[in-house]
Amino acid sequence: MTDLTDHAKNLLARALCARLPTLPTAVFAALGTGGSDAAGLTGEPAGTGYARQRATFTGTGPQRNVEAIRFTFTGAAGTMTHIGLFDAVTGGNPLTWSALETPVTVAGPGTVTLTGNALIVTPQ
């Protein structure tokens, strides 16, 4: 995940200038159908049992998710093509976004799983 949102770029700029921004205390992964630096992830599913999932990261350079992230669906939600990180389980601020290596079609009830170390945050 190399695409920082405008919000994350502003956090980083304030931190680099010793302005002590308020940093997220938790990070939540989300699925969607698109993304942009301004909006972050777009096209998050509504209903169908979908919810953002808390993600924890580790690393001294690039950050990698520690555990598998599982999104559960109770019905069809279409094709998910992107993943994003937010600072809240609902609403909140978008932090980063990226296209999935392989789009996932959710045609009915089931689970979409991203394995541990599948998300690598390396701002460039």
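Visitor: Is Ala 18 buried or exposed?
Guide: Ala 18 counts as exposed because its relative accessibility is 64%; exposed means over 50% relative accessible area, buried under 20%, and partly exposed in between, with a 1.4 Å probe and protein chains only. This is a predicted model, in which local features need pLDDT of at least 70, side-chain atom pairs count only at pLDDT 80 or more, and totals for chains, interfaces and linings use all residues. Residues are numbered from 1 along each chain as its sequence is written, and side-chain values use heavy atoms, with hydrogens and water left out.

Visitor: Where is Ala 18 found?
Guide: Ala 18 lies in the loop between α1 (6–16) and β2 (27–32). Helices (H or I, at least four residues) and strands (E, at least two) are DSSP runs, numbered from the N terminus.

Visitor: And what is the phi of Ala 18?
Guide: Phi of Ala 18 is near 55°, a positive value in a residue other than glycine. Asn 117 also has a positive phi, near 70°, and sits in the loop between β11 (110–114) and β12 (120–121).

Visitor: Why does Asn 117 count as partly exposed?
Guide: Asn 117 counts as partly exposed because its relative accessibility is 44%.

Visitor: Changing topic, how do β9 and β10 pair?
Guide: β9 and β10 pair in the antiparallel sense over eight bridges; pairing requires that DSSP finds at least two bridges between two strands.

Visitor: Which residue in β10 is the bridge partner of Gly 84?
Guide: The partner of Gly 84 is Trp 97. Trp 97 also stands opposite Asp 3.
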